[in-house]
Amino acid sequence: MATEAIFASLRRRSSPSLDAFLTTTVDLSGVPLIQTLASISAEIVSCFRGVRFSIQRRNSRSLIRKIEVLVVLFEYISDDSGLDSTAVLCFKELYLFLHRSKFLLHYCAQSSKLWLLLQNPSLSDFFHVLNRNICTLLDVLPINSLNLSDDIREQIELLHQQSSKSTTLFVDHNDDFLRDQFYSFLHGFEKGQIPNSEELRSFFVEKLEIRDPKSCSDEIEFLEEQIVNHDCDDLEPTRSLINGFVAITRYCMFLLFGFEDDGEWSIENLKKQRKCFIAEEIVDTFMTLPKDFVCSISLSLMKDPVIVSTGQTYDRSSIVRWFEEGHSTCPKTGQKLVDSSCIVPNLAFRNLITRWCAAMEFEDSPNESPALVLQTRASMEATKATVSILIQNLASGSELAQIVAAREIRLLAKTVRKRGLLIAEAGAVPHLCRLLKSKNAVAQEHSVTAMLNLSVCEENRSLIMEENDCLESIVSVVASGLTLEAQGNAAATLYSLSTVHEYKKRIANVDGCIKSLASLSRNGKPRGKKDALNALYGIWSHPDNCSQMINSGGVSAVVGALADEDEAVTERAAVVLGVVANHSLGAETIGREESAVAGLIELMRCGTPRGKENAVATLLHLCINGGTVVVEKVVRAPALSDLTQKLLLTGTNRAKRKASSFLALVRKGCENTAMMRSGNREGSFRTHVSLPISIPVSVL
């Protein structure tokens, strides 16, 4: 990290102060200073003398030779304690020079070859700056006061002369030619012209010596890291250009090296791969979509944000659909809307989203600018060529080739909407569907996760649902997948598909679907349990599925999840139960579950602030819609009053509102119970309160 930070400061042409390189543990006065310089310079020479620099070879060798001369100087005067103040100041500056040289040489030795090519002009400039620095220091270094031997003096004077003559910036013509050639590939793809395979082989294999898929993969990984770390808008190349180079390199990896087995795709490495996938996918997901820009109904980036009478903002298509389904409340606040037809465009928010999309070069913006499309065309064309190769191997390749292809499609589809569309339109769905039935655990997990990532794109859901036997195969993976991760990702796919209202009933009608999800919610890993709960919620939200959910044990499974050891699973169960309890049949079913009320009260006692909020909201819905029997069960629960009173004082704002409403209903319930016992059975307090829900669709 230190190397990256220092090099970033060099790129911005703001030289760090001397204090940035000197630590308090180093004594820079007198003899220890010279000994420190001798040690550092000798270390640089030892570390980099034998390194074969692929880029900036001449500049790197020249800098190392200069430092070799300084090693001789420092070793000669290491025992001389009579240095004057000018010499001490020069040697302190040399300390900084050596550190900057070390960082720059390390960067050139360890960085990606392709990245060094893209940075070639800047790197040449940094070497030139260091040459000017050593020239200036030798100008003022009091050589006569150092009592040097004639041989040492001659070497220092010769170094001074050579540094003084190097007044012009040196750019290696071979490096510059390779850089121009790399850019020519990019421009070719922008025009829809795929470069000749022999030309690509010559560039990557012969000239850059990238000779195997592992090396190519390392190059891609390094370039992708630069996209994430690219924190200055004025730096070249821009994110979109780097992304284009990544796409070209990925295409070349499969074109030139095929699907060779380098050990990365073996079953033994599945757990290691999975850990890496989860880490990078979480980063991508949160980096790509700020939560304020996501519609809480569709869970997608808002394209046409509008404001309703409660002041909340939603995507126009989602809120219109919400009203068409018969709702008259605000999805977030649960408040009754004065006029459900009165929605006002939120132009300020729309402009904010558009500007963010342009700044982040995110393709799915409300108004996709022509300039942005032009910048990303090379990347999409290269991706299209890559996808063509992948699908060919997915269709007729060896088992290894199919695993690699499924994995790559999984990764390509996870963030960029256009990629997901491109992959599905190219015909990936039928082949991924076939792999869902594979007896190879790696193949099955990659294929179902690729299907999940494709399903996040709205346009792809119809392709998945229309594919013969595809939905049944996904349900089969939920029921008997070869790994728990595959089962969880299959459940997440079902939830993603269930966000389309017309598909909810079809999903529920697949034989064993609800029972399999219920089983996974009990026996899966925490992530899989949450995905199963989400899918059960998606199925329940269709009114025709409620009875089927109850009869197949779906509601019982959600209630059982309240007792799960994982806090996140428990909270998710409370959210889903809140939605189920919003329906009278659901509330009565929950009320019949012995552990339901106790589980919600335990969450009020020990849960997070958000968990307590969801628990009291669910209890409120149970009392509103569950009838007198449920109210009596809730009222009899121990410690309920104290916990609710505590929420009124310490809970979130929403929790306080729900707790206040809940206490009022409980009091009314007690009064109604007393009235019914005395013969008056007209007591009733059913109404409709909407519980907001925001469940993310996983992208893996």
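Let's start with contacts, meaning heavy atoms within 4.5 Å. Among contacts in this protein between residues at least 6 apart in sequence, 72% join residues at least 24 apart.

Before going on, please keep in mind that this is a predicted model, where local features need pLDDT of at least 70, side-chain atom pairs count only at pLDDT 80 or more, and totals for chains, interfaces and linings use all residues. Residues are numbered from 1 along each chain as its sequence is written, and side-chain values use heavy atoms, with hydrogens and water left out.

Now the overall picture. The secondary structure comes to 34 helices and 3 strands. Helices here are DSSP runs of H or I with at least four residues, strands are runs of E with at least two, and both are numbered from the N terminus. Of the 700 residues, 54% count as buried. Buried means under 20% relative accessible area, exposed means over 50%, and partly exposed is in between, using a 1.4 Å probe and protein chains only.

Q155 is found in helix α7, residues 150–165. Which residues does Q155 touch, leaving aside its neighbours within four places in sequence? They are V69 and V72. The C-alpha atoms of Q155 and L70 are separated by 9.2 Å, and these two residues are 85 apart along the chain. Q155 counts as partly exposed, because its relative accessibility is 28%.

T383 sits in helix α15, residues 370–396. Is T383 buried or exposed? At 1% relative accessibility, T383 counts as buried. Leaving aside neighbours within four places in sequence, T383 is in contact with A247, L412, R419 and L422.

On to helix pairs. Two packed helices are described by the angle between their axes and the distance between the axes. The axes are lines fitted to C-alpha atoms, for helices over the stretch in contact, and the angles run from 0 to 180 degrees between N-to-C directions.

Here is a pair to find on your screen: helix α16, residues 399–412, and helix α18, residues 428–435, pack at an angle of about 120 degrees, with their axes 11 Å apart. What do we call that arrangement? The two helices are oblique to each other. For the cut-offs, angles under 35 degrees count as roughly parallel, over 145 as roughly antiparallel, 65 to 115 as roughly perpendicular, and the rest as oblique. α16 passes α18 in a left-handed crossing. That term applies if the near helix is turned anticlockwise from the far one by less than a right angle, while clockwise makes a crossing right-handed.

Who meets whom? From α16 we have Q402, A406 and I409, and they meet A428, L432, R434 and L435 in α18. By class, this contact has 5 nonpolar, 1 polar and 1 charged residues. Ala, Val, Leu, Ile, Met, Phe, Trp, Tyr, Cys and Pro count as nonpolar, Asp, Glu, Lys and Arg as charged, and the others, Gly among them, as polar.

Next, look at helix α28, residues 567–580, and helix α31, residues 609–625, which pack at about 25 degrees with their axes 8 Å apart. That makes α28 roughly parallel to α31. Here too, α28 passes α31 in a left-handed crossing. α28 brings E571, A574, V575, L577 and G578 to the contact, and α31 brings R610, G611, N614, A615, T618 and H621. How do those residues divide by class? There are 4 nonpolar, 5 polar and 2 charged.

Staying in this region of the numbering, helix α30, residues 596–606, has A596, V597, G599, L600, I601, L603 and M604 buried. The buried residues of α30 pack against several helices, including α28, α31 and α33.

Finally, a few single residues. S496 belongs to helix α22, residues 484–498, and S496 is buried, with a relative accessible area of 0%. A polar contact of 3.0 Å joins the side chains of S496 and S455. By polar contact I mean a pair of N or O atoms within 3.5 Å; within protein, one must be able to donate a hydrogen and the other to accept it, and residues adjacent in sequence count only if both atoms are side-chain atoms.

E209 lies in the loop between α9 and α10, and E209 has a positive phi of about 60 degrees although it is not a glycine. D469, in the loop between α20 and α21, has a positive phi of about 70 degrees and is not a glycine either.
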